[in-house]
Amino acid sequence: MANQVSSRTAPASPGPSSAAAGTSTAVTAYDADAGGSAEVGVEPVETGVTTGSLARMLGVSPTTLRSWDRRYGLGPAVRAQGRQRRWSTRDVAMVKAMCQLTSTGVPPAEAARAVIEQARGEQAAAPLTTDATTPAPAPSPAPAPGSDGPPPSPPPSPPGTGASAGASRSPSALPLGSARQECRGLARAAVRLDSPAVHQQLTAAVRDHGLVTAWEEVMAPTLRAVGRKWKSSGDRYVEVEHLLSWHVSTVLRHVCFSAPARQDEDSSPVLLACLPGEQHTLPLEALNAALAEQGVPTLMLSGAVPGEALDGAVRRVGPCAVALWAQSRSTASMPLAQHIASARWGIRGARRHSPVLVCGPGWDRAASRDLLRPAGLRDAVRILVALHTSSRP
């Protein structure tokens, strides 16, 4: 798994990984288009969005929205009796502005006060444009044939958005580049330390896309972005990295424990271990979860396994394959990997050895012929499923 994430206790990387400390480009915790249009008119209740839909749209938990409504009055302006609450376009714009401000470090109470004051100012100014004493502006002339006409005026932006607060300028922006939308929602929730929303986003990603895609396209990119932000900001974002890593690990383990019961309990497992000194375990946890989804038994030894302990486990268990993770060149030991690949186990006269996969960005691309070098998590799962199938009695 070549291009991977970092890990639990430090930066991470995709292949199966751990806490973030990776690589990537930039995107703000809230995109510039998150501001939306703050129109003063209230839409009919039927045309608004529900609290759940708005929470998914913004990457926050419904509990957070209800809390903002209860504490700061930042909720639906119109509430239908006996019906589910609906958020109008204006309500949504105000909440998006609230998210933008809190993601840049503004205290929630102060952010809510600024958003509400701006909305009141816009609402007070709105009647002036339609006052009977004020002549209506002359209609714009029709564009000449072949002309696209003058560009439309951009909608007003909530506080903290617009050209002066571009996506890459937000102090809390995570470098996500062109990542998919789920990544952005997850990053926003992590920066706000919104634990329920982080868990909800991760669970939804696995449910909607499967473990491998969720890891490669949602979890790993976000972990790498958090790792880069943490590295460039000292320890300012370490709490974000810890929160996200813990929830990623929790969701991965849940996948393992909720996998269907295996029918071939007597078959040899795949042994998974980090090399001595390697503490980045999340990529390996992702591989463990992906194999569980496929019904492949595993023996997970986790991080920094001493060489002698690894050798002893292989000889005692006789795994159908061994996957060794190294995040950096300093922890990748080719001699140890080759030693494990040559280790023989089994009864006299029928001794066997276990194929070894070297996974992670720490390994030299020119790997030994005795070792398998998967290109990523998906490739590693494919190889290990095939090895497990061929090893069945």
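**Reading Ser 61 and some other residues**

Tutor: In this predicted model, Ser 61 touches Ala 55, Asp 194, Pro 196, Ala 197 and Gln 200, leaving aside residues up to four places away in sequence. Ser 61 itself lies in the loop between helix H1 (51-58) and helix H2 (62-72).

Student: Why is Ser 61 called buried?

Tutor: Buried means under 20% relative accessible area, and Ser 61 has 4% relative accessibility, so Ser 61 counts as buried.

Student: What makes the pair Ser 61 and Thr 64 a polar contact?

Tutor: A polar contact needs a pair of N or O atoms within 3.5 Å, and the side chains of Ser 61 and Thr 64 make such a contact at 2.9 Å.

Student: Why is Leu 193 called partly exposed?

Tutor: The class of partly exposed runs between under 20% for buried and over 50% for exposed; Leu 193 has 43% relative accessibility, and therefore counts as partly exposed. Leu 193 is found in the loop between helix H5 (181-191) and helix H6 (195-209), and its phi is near 55°, a positive value in a residue other than glycine.

How values were computed. Residues numbered from 1 in each chain as written. Predicted model: local features only at pLDDT ≥ 70, side-chain atom pairs only at ≥ 80, totals over all residues. Heavy atoms only, no water. Helix = DSSP H or I, 4+ residues; strand = E, 2+ residues; numbered from the N terminus. Buried < 20%, exposed > 50% of the residue type's maximum accessible area, 1.4 Å probe, protein only. Contact = heavy atoms within 4.5 Å. Polar contact = N/O pair within 3.5 Å; in protein donor to acceptor, adjacent residues only side chain to side chain.
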